[in-house]
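Hi everyone, thanks for making time for this. Let me put the model up on the screen, and then we can walk through it together.

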Amino acid sequence: MVDHRLSEEHEALRQSVEAFARKEVAPVIGEYYERAEFPYPLVRGMANMGLFGLPVAEEQGGMGGDYFALCLALEELARVDSSVAITLEAGVSLGVMPISRFGNEQQKRQWLPRLASGEVLGAFGLTEPGGGSDAGATRTTAVLDGDEWVVNGSKSFITNSGTDITALVTVTAVTGEKPDGGKEISTILVPAGTPGFTVAPKYSKVGWNASDTHELSFDNCRVPAENLLGERGRGYAQFLSILTEGRVAIAALGVGLAQGCVDECLRYAGEREAFGHRIGGYQAIQFKLADMELRTHTARLAYYDAASRMLRGESYRKQAAAAKLASSNAAMDNARDATQIFGGYGFMNETPVGRFYRDAKILEIGEGTSEVQRMLIARELGLPSA
Amino acid sequence: MNIVVLVKQVPDTWSERKLSDADHTLDRASADAVLDEINERAVEEALLAKEAQGGEVTVVCMGPERANEAIRKALSMGADSAVHVSDEALHGSDAVQTARTLAAAIGTLESVDLVIAGNESTDGRAGAVPAMVAELLGWPQLTYARKLDTDGQSVSIERESDAGVATVEANLPALVSVTEKINEPRYPSFKGIMAAKKKPVSTLSVADVGLSADEVGLGSAPTQVVSSAPAPPKEAGVKVTDEGEGGVQIVEFLSGQKLV
């Protein structure tokens, strides 16, 4: 029978991260957010707890946990703040996992201990100015010149790519033409500070303001030939698998935001009075909260299911897309309702729900838009292609 | 050096806490139970000392079976082993009986150099148990430490009280109680959580630590709670409008409360 109770150690981890989010993140994150400043001390705190190495084997410098443990940590962080959660999500699912999954022994030895300990951050350069959902339309090129790759092109919206502790960016690039005339895409590790690799000033964003996001450009940027990650020409398949598991992580993050809205509104509805009664007694508020709880609950079940299939080694593409879609819908709808329940205070940056509202929208866009999730679900249903 | 940390499971300060109507003891079912925050700091200080000096950290806890969760938390932070005194007969024990039980439990361990405790629990708040345990062991007591240094031979603390800060020193073995200023406790990592599952926890009865059931528990407690009432709801404060006399009004208020 299906059992969604957490194991003792997953529950202990959840409690540990919950306490960290409540005691360390909540009191200070509002100020970082308003200053659009990267919260280095909080990242250090997460690193000290081993969160960046959660799904990495102990012999590679990780915690020996699994991807579901990462999801639980992300949910608890995002209950309080999404900037901190996405910094961990990108750090692990996009920074650590490509090397952990596809790196050779030398690359793993070189990068994983420092990435998994959170001492440094890795970023993943996939999206380009001219191609988001159409990620196969990569224009960045890498040409082998002697024993070096020469990388040219640019990447957009790259999380964790410009912090003081960013050590490398894993970029996808066209390295040739396949026999069928299609693009041969490969993945190449570009260490921070490599000549020709430029990080643009950080974007001014609608939400996720305390996270680090930049446009990157590569101008005759040379890295050693051995910086190729995995096999040449496997780049497309690699990032598809990284994005599929990343969808489950983002789903967990969205559930955290949706739950954070419920948490805040439950408290507020029990305190705030209007027309002589606490507003939690009015059906208008009760029905909103019931819907918010329902969305959170169903989205959580969806990501638990996708994660458990992933861990059992079963196909989970449809479940991952469904979880991501359900979760981003829940986050968006709950953020809108929470702001409404808070009234004018919900429009103020000083309340968490104001942040939740601004942070929710990107969940319908990042790591595959809601339209892409529907495409993926439709494809898994076996519908004919156009 | 061998360090013992005294830990207690308490109702979460974030949840509603109440006493049972029947015997005025804690209604454990009504609230989430957690490792007391002050004990997390005590564990952290023991781990820091261990990291500097080497040795072992043993957690000693008295409480019902459920207190095992608080013990696991301490072990997942990095403590090496635990002693859990768990016995129905302990129900309703007061501070003196608790101190006797804990001192007896410490007595079952070999060569303890240092005992670290929180200065007072967030539930009972008697703040007396650490001193009582030291007295029963016949060891020096260094209470209210905001800073602790040890070289394995002696221990030195900064003792902070309303009267000021004093540096106090004693030869080991000794007992130190710590305040919330002592450190910021670490959060358990997943590796620590996994490791904690394999660490030894010995569960002892009252008889196992050499006491008899009629020495402990509500029935023979030297102090008895005869009545209890819920804390009154917070009342609205006094609002003072500053019309040029604000400073005087504040001083008058404070002196009225005998605070200045």
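In chain A, strand S1 and strand S4 (residues 166-177) run parallel and pair over five bridges; two strands count as paired if DSSP finds at least two bridges between them. Within that pairing, A:Leu121 sits opposite A:Thr166 of S4(A). Helices (H or I, at least four residues) and strands (E, at least two) are DSSP runs, numbered from the N terminus.

Before I go on, this is a predicted model: local features need pLDDT of at least 70, side-chain atom pairs count only at pLDDT 80 or more, and totals for chains, interfaces and linings use all residues. Residues are numbered from 1 along each chain as its sequence is written, chains are lettered from A and ligands numbered from 1 in the order in which they are written, and side-chain values use heavy atoms, with hydrogens and water left out.

Back to S1(A), residues 121-125: five of its five residues are buried, so the strand is largely enclosed by the rest of the structure. Here buried means under 20% relative accessible area, exposed over 50%, and partly exposed in between (1.4 Å probe, protein chains only). In a regular strand, side chains alternate between the two faces of the sheet. In S1(A), A:Leu121, A:Ala123 and A:Gly125 point one way, while A:Gly122 and A:Phe124 point the other.

Now, how do chains A and B meet? The contact (heavy atoms within 4.5 Å) takes 18 residues from chain A and twelve residues from chain B. The two chains bury about 1400 Å² between them, 62% of it on carbon and sulfur atoms; that is the accessible area (1.4 Å probe) two parts lose on being put together, summed over both. On the chain A side, A:Glu9, A:Arg22 and A:Met63 lose the most area to chain B, together 37% of what that side buries.

The rule finds two salt bridges across this interface, each a side-chain nitrogen of Lys or Arg within 4 Å of a carboxyl oxygen of Asp or Glu. One of them joins A:Lys23 and B:Glu37, at 3.9 Å from N to O. Helix H1(A), residues 8-35, gives the largest share of the chain A side touching chain B, ten residues.

Last stop, chain B: is B:Glu65 buried or exposed? B:Glu65 is exposed, at 68% relative accessible area, and lies in the loop between strand S4 (56-62) and helix H2 (68-77) of chain B. Leaving aside neighbours within four places in sequence, B:Glu65 contacts B:His84 and B:Ser86.
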